Amino acid sequence: MVKVVKQRDNGLCLMCLANDKISYYNVIHHIVELKEVRDKGLDIDNLVCLCSSCHAIIHGQYNKGEGYKMKAQDKLKQLINRGEM
């Protein structure tokens with residue numbers, strides 16, 4: 001799965017790319033966390049390449065509460081879908 005996601009995202013952090021920056025990924029992040037839905041662990045539509053800084057930002061949003069978490073998850077899903085167009 002790592003190879004497929006890395007290839008799909010061109011090895012770049014999609015959050016940085018959305019902000020007109022180029023950063024290589026260091027983390028493949030589960031959009032919907034495994035503790036919520038274990039079956040999404042290997043779903044490529046639930047995985048996104050992020051740099052360490054963006055990964056920390058996302059988890060900061062997740063920790064703020066369900067509303068923030070859902071908004072962050074929606075944004076990540078949009079970033080993945082943008083690359084498929």
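**A loop residue and the cysteines beyond it**

Modeller: Happy to! Let me begin with the overall picture: among contacts in the protein chain with a separation of 6 or more, 59% join residues 24 or more positions apart. Please keep in mind that this is a predicted model.

The chain has four helices and two strands, and from the N terminus on, the order of these elements is α-α-β-β-α-α. Along the principal axes, the C-alpha atoms fill a box of roughly 30 × 25 × 25 Å. The radius of gyration is 12 Å, which agrees with the value near 12 Å for a compact globule because the chain has 85 residues. Of those 85 residues, 34% count as buried.

Now for the part I would zoom in on: the loop between β1 (27-30) and β2 (47-50), where you will find I44. Next, look at what I44 touches. Once its neighbours within four places in sequence are set aside, the contacts of I44 are M1, V4, V5 and R8.

A disulfide is a covalent bond between the sulfur atoms of two cysteines. How many disulfides does the structure hold? The count is zero. C49 takes part in none, and the nearest cysteine sulfur, which belongs to C13, is 8.5 Å away. C49 counts as buried, because its relative accessibility is 0%.

What about C51? Its closest cysteine sulfur is that of C54, at 3.7 Å. That is too far for a bond, because the two sulfur atoms would have to be within 2.5 Å. C51 is also buried, because a relative accessible area of 9% is under the 20% cut-off.

The accessible surface comes to about 5500 Å², and carbon and sulfur atoms account for 52% of it. As for charge, there are 13 positive and 10 negative side chains, and the centres of these two sets lie 5 Å apart.

Key
Residues numbered from 1 in each chain as written. Predicted model: local features only at pLDDT ≥ 70, side-chain atom pairs only at ≥ 80, totals over all residues. Heavy atoms only, no water. Contact = heavy atoms within 4.5 Å. Buried < 20%, exposed > 50% of the residue type's maximum accessible area, 1.4 Å probe, protein only. Rg over C-alpha atoms; globule rule 2.2 N^0.38 Å. Areas by Shrake-Rupley, 256 points an atom, 1.4 Å probe, with all protein chains shown as cover. Lys, Arg positive; Asp, Glu negative; His and termini not counted. Charge placed at Lys NZ, Arg CZ, Asp CG, Glu CD.
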